[in-house]
Amino acid sequence: MGKEEKVISVKKDDASKVVPAIHIKNLVKKYGKLSAVSGISLDIMPGEFFALLGPNGAGKSSTIGSLCGLVNKTSGEVRVFGSDVESDYKLARSRIGLVPQELNMDKFEKVRQVLLFNAGYFGLSGTARIARVDSLLHELGLWSKRDAKVMQLSGGMKRKLMIARALLHNPDILILDEPTAGVDVESRRSIWEYVRKLNLAGKTIFLTTHYIEEAQQLCSRIAIINNGKIIALDSKDKIMKDFGSQEIVVTLSSAIKKLSSEQFGYPVEARGKELIVRVPKGDFDYKKFLKRIIDLPVEKIEMRQTRLEDIFVKLTNTK
Ligand SMILES: Nc1ncnc2c1ncn2[C@@H]1O[C@H](COP(=O)(O)OP(=O)(O)OP(=O)(O)O)[C@@H](O)[C@H]1O
Ligand SMILES: [Mg+2]
């Protein structure tokens, strides 16, 4: 990362005085009769790492499109560091680097050329332009591919090139729309690591994903979106605390054929050789439970935190 990176840090006590990096209020986006976004509100503070998590068609890209001026919102307020994204478009847009969901660059162009060309848009010229482009190529591990055509890059490399392009003007906010969709595990890890580093250096990160693991690994706050509505918005830990619970997983030496919850005293689910018992909030009589499984061919007993994925399924099914 270049020395010129700005570091924005927010002390908790000062948070109320700080202008949000992203302010969205009652955002509505309709495509004809279809409501893609139905009145969502959220504030993302400078330096935050925020995830908008939701299934296909939930309204994630439409939200991002409204934020970056790619789509015209139907109604609502969207501000970037206080600047309205419509009336103050240029200023708002200059603070954002966007990595779109779909590849939107000339496939026949060479990697370094793409960046040099785009750097020109941001007023970079001469040695400053070359220095910025080359340092991003190095940081994102694309230096050896600088003369390859975009079409010759792997999926992960294309993503990295889009990230480099989004960072050319050193924006305060990086928005990533499904940054690792269709990217192999190794590239995914290296993208995560890089974005984490950017966040540690002060950049506000706003990503959309439908990978629970991605939100869980990276973000401090998560909004869950479904059918254009936010159905949960909180710190990752709070979401886990409110909706998550412990489960006991009992692994047996053979699959259990007949199962009755009464037998165990608690609702039990069987998945092959695994017996899964959700530990209810409050009291759980471990002794009683152990007595009930004592005659089963138990190989292993584990405690597991409910995965965010399960929480997500639960939330989207009930709302
Ligand atoms: N240009 C468009 N014209 C008409 N309908 C659209 C357009 N773009 C999106 N939609 C619809 O709006 C809804 C929300 O789409 P959006 O792309 O915002 O979802 P998403 O959460 O980004 O999904 P994904 O995870 O598949 O990228 C969907 O029903 C989609 O079909
Ligand atoms: Mg999308």
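1. Helix α5 is mostly covered, with 11 of its 13 residues buried. A residue is called buried if 20 or more other C-beta atoms lie within 10 Å of its own, exposed if 12 or fewer, and partly exposed in between, the C-beta atoms being placed from the backbone. The model is a predicted one, in which local features need pLDDT of at least 70 and side-chain atom pairs count only at pLDDT 80 or more, while totals for chains, interfaces and linings use all residues. Residues are numbered from 1 along each chain as its sequence is written, and chains are lettered from A and ligands numbered from 1 in the order in which they are written.

2. Helix α5 covers residues 155-167 and reaches 19 Å from its first C-alpha to its last, close to the 18 Å expected at 1.5 Å a residue. The expected span is 1.5 Å times one less than the number of residues. Helices (H or I, at least four residues) and strands (E, at least two) are DSSP runs, numbered from the N terminus.

3. The buried residues of α5 include Gly156, Lys158, Arg159, Leu161 and Ala164. Among the elements that cover the buried residues of α5 are α3 (111-121), α4 (126-139) and β7 (173-177).

4. Which residues touch the most other members of the largest nonpolar core? They are Ile22, Ala51, Ala164, Ile173, Ile175, Phe206 and Ile222, in a core of 61 residues. Helix α5 gives the most to this core, with six residues. A nonpolar core is a set of buried Ala, Val, Leu, Ile, Met, Phe, Trp, Tyr and Cys residues joined through C-beta atoms within 7 Å. In soluble globular proteins, nonpolar side chains tend to be buried together.

5. Leaving aside its neighbours within four places in sequence, Ala164 is in contact with Leu115, Leu136, Leu137, Leu140 and Leu142. Contact means that the C-beta atoms of two residues, placed from the backbone, lie within 7 Å.

6. Met105 sits in the loop between β6 and α3. Met105 counts as partly exposed because it has 17 C-beta neighbours inside 10 Å. Not counting residues up to four places away in sequence, Met105 touches Val114 and Val150. Met105 and Leu161 are 56 residues apart in sequence and 9.8 Å apart in space, C-alpha to C-alpha.

7. Four strands form an open sheet in the order β2-β1-β4-β5, with antiparallel pairing. The edge strands are β2 and β5 (83-84), each of which pairs on one side only. Two strands pair if DSSP finds at least two bridges between them. Strand β1 (residues 22-31) and β2 pair over eight bridges, and Val28 stands opposite Ser38 in β2.

8. Strands β9 (residues 221-226) and β10 (residues 229-235) run antiparallel and are joined by six bridges. They form a hairpin with two residues between them, and Asn227 in the turn has a positive phi of about 50°.

9. Of the 13 residues around ligand 1, Tyr31, Ala36, Lys60, Ser61 and Ser62 come nearest. A residue is near a molecule if its C-beta atom, placed from the backbone, lies within 6 Å of it. Helix α1 gives the most to this shell, with three residues.

10. For the chain as a whole, the secondary structure comes to 11 helices and 14 strands. Of its 319 residues, 33% count as buried.
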